[in-house]
Amino acid sequence: MTEPTSELMGSGPSVEPQSPAVGAENAAGQRSDLLSAAVYAPAGLVVVASVVVWFAARWIDAEYGTAGLWWVAVTSAAAGAALSVATAPMMARLCAAVEIPTEGCSRRFGPAALTAGMWFGAAMFAGGDAILPAWLALSLLCVWAAWIDHFTLRFPLTLIRLTSAVGLMLGAFAVAVDQDPAAGGRALLAGALVFAFNLAFAIITRGYPGLADVRLSFILGAALGWVGWMNVLAGMLIPNILALLVMAGVKSIRRQKDLGEFGFAPFLVAGTAVAMAVPPLWWIVWV
C-alpha cells in the first residue's frame with residue numbers, strides 16, 4: 001500500500017504545511033502592515049493639510065495682515081473639523097489593536113468641535129510662523145488622545161509615539177524655515193523638563209498622572225517651550241489646577257467621597273492650550 005502524498009497528479013506543485021507558529025507570525029505581520037497603513041495614511045493627510053494651511057496663512061498675512069488671518073482661521077477650523085472626523089477610523093483601529101473600547105471614537109462631533117476651536121486659535125496666534133503646522137497637527141492628535149482617555153482611561157501608546165514624531169518633525173521644519181535654533185533648543189529642553197516634572201509627580205502620587213500621560217506631556221511641553229519659559233511654567237501648573245477644580249466641582253454636585261478614576265489627558269491638553277493661548281500667565285506662578 002502506497003503512502004498518501006500531498007500532491008495529486010495534475011493539481012500542480014504541493015505546498016508544504018506551515019507550523020501554527022509560522023502561520024500566527026504571518027497573520028501578525030499582515031495585521032501590522034494593515035495597521036501601519038491605517039495609521040500613517042491619515043496622519044500623513046493631517047501633516048499635509050497643516051502645511052497647506054500654513055502656506056495660506058503665511059501668504060495672506062504678508063498680503064493683508066491680521067484682517068486676512070480671520071478668513072484663514074475660519075477655513076482652517078472647518079478643515080480641522082473635517083480631518084478630525086476623517087481620522088476617527090484610524091483612532092478606532094489603534095484602540096482595537098490594544099483592546100481599548102472604541103465607543104469614544106464613534107462620537108465624532110466632540111473631537112471635531114474641539115479641533116476646530118484649536119485650529120482657529122492656532123492660526124490666529126501663530127499667523128504665518130513656521131511653527132503653525134506643528135501646532136495644528138499636535139492639536140488634532142492630542143484632542144483625540146484626550147477624548148479617548150476621557151471615555152476609557154487609556155489611550156494607545158502608538159498614538160503618543162505618532163504625536164511625538166509628528167511634532168518633532170514639524171518642529172524641525174519650523175527651525176529650518178524660520179532659522180530659529182534657539183527656539184528649537186528651548187522647546188526640546190522644555191519638553192524634557194515637563195516630562196521630568198510629570199514623571200516625578202506620578203511617582204509621588206503613585207500613578208497620577210499615568211505613564212501614558214507623562215509620555216504625552218513631553219511633546220506638549222515642547223510646544224509650550226517654543227513660546228516661552230513662562231508659558232512652560234504655567235503649563236506645568238494649569239492642568240493640575242483644572243483637575244482639582246473639576247474634582248471639587250463633581251464632588252460637591254454628586255456629594256460622593258470616592259470620585260473614582262478619571263483620565264488626566266483632557267486636563268493636560270486643555271491646560272497646555274490655556275497656557276499657550278493666554279501668555280504669559282505670570283500671576284499663576286506666584287499664586
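Helix H8 contributes the most to the lining of the largest cavity, with four residues. The model is predicted, so that local features require pLDDT of at least 70 and side-chain atom pairs count only at pLDDT 80 or more, while totals for chains, interfaces and linings use all residues. Residues are numbered from 1 along each chain as its sequence is written, and side-chain values use heavy atoms, with hydrogens and water left out.

A cavity here is a set of points on a 1 Å grid over the protein atoms alone where a 1.4 Å probe fits but cannot get out, and a lining residue has an atom within 4 Å of a point. Grid points are joined across faces, edges and corners, and the volume is the space filled by probe spheres set on the points. One cavity of 30 Å³ or more is found in a search of the whole structure, and the volume of the largest cavity is about 40 Å³. Its lining consists of Val 194, Ser 217, Leu 220, Gly 221, Leu 224, Gly 235, Leu 268 and Thr 272. At least two lining residues come from each of helix H8 (211-227) and helix H10 (265-277). By class, the lining holds four nonpolar, four polar and no charged residues; Ala, Val, Leu, Ile, Met, Phe, Trp, Tyr, Cys and Pro count as nonpolar, Asp, Glu, Lys and Arg as charged, and the others, Gly among them, as polar.

The chain as a whole has 11 helices and zero strands, where helices (H or I, at least four residues) and strands (E, at least two) are DSSP runs numbered from the N terminus. Of its 287 residues, 41% count as buried, that is, under 20% relative accessible area with a 1.4 Å probe and protein chains only, whereas exposed means over 50% and partly exposed lies in between.

Helix H5 (residues 132-152) packs against helix H6 (residues 157-178) at an angle of about 170°, with the axes 8 Å apart. H5 is therefore roughly antiparallel to H6, a term for angles over 145 degrees. Axes are lines fitted to C-alpha atoms, for helices over the stretch in contact, and angles run from 0 to 180 degrees between N-to-C directions. The contact (heavy atoms within 4.5 Å) includes Pro 133 and Leu 141 of H5 and Leu 159 and Phe 173 of H6.

Leu 199 lies in helix H7 (residues 181-205) and is partly exposed, with a relative accessible area of 29%. Leaving aside residues up to four places away in sequence, Leu 199 touches Leu 211 and Val 214.

Terms used:
On a 1 Å grid over the protein atoms alone, a cavity is a set of points where a 1.4 Å probe fits but cannot get out, and a pocket is an open set with protein on both sides within 12 Å along at least five of seven lines; lining residues have an atom within 4 Å of a point. Angles under 35 degrees count as roughly parallel, over 145 as roughly antiparallel, 65 to 115 as roughly perpendicular and the rest as oblique.
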